[in-house]
Amino acid sequence: MFNQKILQLTKELSSGGHILYYFHDEQRYIENTVSYIHAGIEQGDCVLIIENERIFPSVYKKMQSLLTEEQLTMIHYINNFDFYCLNGDFHSETIIDYFSSILDPYLTKNISVRTWAHVEWGNTGEITDLIGDFENKANKAVSSLELISVCAYDAVRVPDSLKESLLRSHEFLMTDEEIKKQTIEQEK
């Protein structure tokens, strides 16, 4: 079963991993998000979820049936629109700084944390280059912090040029049905 693959992969990623999730089916997406959160909490991690306010309640409702009240406190939600558009637009430096400030309290207390981020944006035509730049910087940050981090994108909204850029900045590719390791070329 696919949730077993998620559990197995995250057990193997003791020194972190950057995972691109390219999804087509929202229900499978929700199920896979729940599997990832559940695997993280079972492994003792706090889980930072950056998700939209439409999907997160469905995820959280499913988590309530799987976890104790104490375990539920290990899930930390941030609205993805607020996260990615902190200064009114998608600016990679601002996002990375904000991400670091959120993680810092966990890391200074030596609390293991993993992240799941649903990346969304408005209809800005120039966003492809901005997201590509952001993901390259995020890959370096995830690697240096040894985090397990999923960056989820709705396949319908991602132009081919952005998909190519995303594949270059993630060492794993996840779809609704599979996860596979890939070779990435780090940009300097």
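The accessible surface of the protein chain in this predicted model amounts to about 9,600 Å², with carbon and sulfur atoms contributing 48% of that area. Of the 188 residues in the chain, 51% are buried. The secondary structure consists of eight helices and seven strands. Among contacts with a separation of 6 or more, 79% are between residues 24 or more positions apart.

Strand β5 (residues 148-154) is largely enclosed by the rest of the structure, because six of its seven residues are buried. This strand pairs with β1 (residues 17-23) in the parallel sense through seven bridges, and Leu20 has Cys151 of β5 as its bridge partner.

Across the whole structure, 12 aromatic pairs are found. In the case of Phe83 and Tyr98, the ring centres are 5.4 Å apart and the planes lie at 40°, so the pair is classed as tilted. Phe83 is located in helix α5 (residues 80-84) and Tyr98 in helix α6 (residues 92-108), and the pair therefore ties together parts 15 residues apart in sequence. With a relative accessibility of 1%, Phe83 counts as buried, whereas Tyr98, at 27%, counts as partly exposed.

Technical notes:
Residues numbered from 1 in each chain as written. Predicted model: local features only at pLDDT ≥ 70, side-chain atom pairs only at ≥ 80, totals over all residues. Heavy atoms only, no water. Buried < 20%, exposed > 50% of the residue type's maximum accessible area, 1.4 Å probe, protein only. Helix = DSSP H or I, 4+ residues; strand = E, 2+ residues; numbered from the N terminus. Pairing = 2+ DSSP bridges. Contact = heavy atoms within 4.5 Å. Areas by Shrake-Rupley, 256 points an atom, 1.4 Å probe, with all protein chains shown as cover. Phe/Tyr/Trp six-rings, centres within 6.5 Å; stacked < 30°, edge-to-face > 60°.
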